[in-house]
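Welcome! Please take a moment to look over the sequence and the 3D view, and then read on for a guided walk through them.

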Amino acid sequence: MYTAASFTTGFVFGLGLLVSGMVNPAKVLGFLDLAGAWDPSLALVMAGAVAVGAGAFAFMKKRTRTLLGAPVLLPGARGIDSRLVLGSLVFGVGWGLAGICPGPALVLAGTGSAKGLVVLVSMIAGNGIFEFFEKRKRVAPGPAQVRSS
Amino acid sequence: MSIAWNAFTPASALIGGAIIGAAAALFAVLNGRIAGVSGILGGLLRPQAGDIAWRIAFVAGLVAAPLAWRLLAALPEIRVDTNYFTLAAAGLLVGIGTRYGGGCTSGHGVCGVARLSPRSIVATLAFMAAGFATVYVARHLISQ
């Protein structure tokens, strides 16, 4: 049941990315190009998504079980650290280079785009580099690391 | 700054955004999780019993969306002008950065901002700023 819900979510998410224009890297870069001919569309994508999502997250805030009876695993409040900021900056540089973030990378790969596949494979390689260093850190003695998700 | 009114697509942007928000809402209400693509995909490299199938299903849904779309209609315009070398570098940075930052455009930008999470708001401001700066350097300083 949860697996079916996951597939459906991914599928609907992918349709939304296609409709919105997020899967078109030229359009994403047009949004990120403030100094050029700026295409503000993607600000509306985010506004639309946040507006619809906010109600559901507010509804779930006090619940401990989902409508399917699964435990609610939404992250609790955590501090802002350099890891969050530096990681996000590195992500932003990559996003700015190609105009492709993780969701659109998967959808692009699904279109059969060779360039989309290259981004996806290198992205997974980047995930692998992160895991490699995380594992080394876990093995090394020291304070336990908080897992990010 | 000048606004590219000819490229501006407010209707499809808002509708597409609302669909993305609906997917995130569905996931929160049914599975109690954040629909964050980088974390869901990246978690597959740290496989744990009982934590794999839903991740694969979510990823498969994303990949299946364009396949199903194509059965009914032509895909919307997709243009990738970036060369392969830059794409590979970009993918690597996205793969590393999103994992250290604990999220991407979906997890932080959509879900986190919708939850008013301070961490996610900071992360979103950071990756947007870096994205703006990178495009500025690439388009207006390096390649004139």
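Does B:E77 count as buried or exposed? B:E77 counts as exposed, at 54% relative accessibility. Here buried means under 20% relative accessible area, exposed means over 50%, and partly exposed lies in between (1.4 Å probe, protein chains only).

A few words on how to read everything that follows. This is a predicted model, in which local features need pLDDT of at least 70, side-chain atom pairs count only at pLDDT 80 or more, and totals for chains, interfaces and linings use all residues. Residues are numbered from 1 along each chain as its sequence is written, chains are lettered from A and ligands numbered from 1 in the order in which they are written, and side-chain values use heavy atoms, leaving out hydrogens and water.

**Confidence and overall build**

The predictor gives the complex an ipTM of 0.96 and a pTM of 0.93. For chain B, the mean pLDDT (the predictor's confidence in each residue, from 0 to 100) is 95, and 99% of the residues reach 70 or more.

Chain B has six helices and one strand, in the order β-α-α-α-α-α-α along the sequence. Helices (H or I, at least four residues) and strands (E, at least two) are DSSP runs, numbered from the N terminus. Along the principal axes, the C-alpha atoms of chain B fill a box of roughly 50 × 40 × 35 Å. Chain B has 144 residues, and 51% of them count as buried.

**Where the two chains meet**

The size of an interface is often given as the accessible area lost when the parts come together. Chain B and chain A bury about 10,000 Å² between them, and carbon and sulfur atoms account for 74% of it; buried area is the accessible area (1.4 Å probe) that two parts lose on being put together, summed over both. B:R46, B:Y100 and B:R119 supply 8% of the area that chain B buries against chain A, more than any other three residues.

There are also 27 residue pairs in polar contact between chain B and chain A, both residues being at pLDDT 80 or more. A polar contact is a pair of N or O atoms within 3.5 Å; within protein, one must be able to donate a hydrogen and the other to accept it, and residues adjacent in sequence count only if both atoms are side-chain atoms.

**Salt bridges**

A salt bridge is a side-chain nitrogen of Lys or Arg within 4 Å of a carboxyl oxygen of Asp or Glu. Over all chains the structure holds eleven of them, and four are between chain B and chain A. Some examples are set out here.

| Pair | N to O distance |
|---|---|
| A:D33 and B:R139 | 3.0 Å |
| B:R119 and A:D81 | 3.8 Å |
| B:D51 and B:R33 | 3.9 Å |
| B:R79 and B:E77 | 3.9 Å |

A:D33 and B:R139 form a salt bridge. This pair crosses between chains, from A:D33 in the loop between α2 (25-32) and β1 (37-38) of chain A to B:R139 in helix α6 of chain B. A:D33 is buried, with a relative accessible area of 6%, while B:R139 is partly exposed at 34%.

B:D51 and B:R33 also meet in a salt bridge. B:D51 lies in the loop between α2 and α3 of chain B and B:R33 in the loop between α1 and α2, so the pair ties together parts that are 18 residues apart in sequence. B:D51 counts as buried at 11% relative accessibility, and B:R33 as partly exposed at 21%.

The exposed B:E77 has B:R79 as a salt-bridge partner, and B:R79 is partly exposed at 42%. In chain A, a network of salt bridges links A:R83, A:E134 and A:K137. A:E134 sits in helix α6 (residues 114-139) of chain A and is buried, at 6%. Not counting residues up to four places away in sequence, A:E134 touches A:R83, B:R46 and B:Y100.

**Two residues to look up**

B:S106 is in helix α5 of chain B and is buried at 5% relative accessibility. Its side chain reaches the backbone nitrogen of B:V37 at 2.9 Å. B:L116, in the loop between α5 (105-114) and α6 (118-142) of chain B, is exposed at 66%. Phi of B:L116 is near 60 degrees, a positive value in a residue other than glycine.

Methods. Contact = heavy atoms within 4.5 Å.
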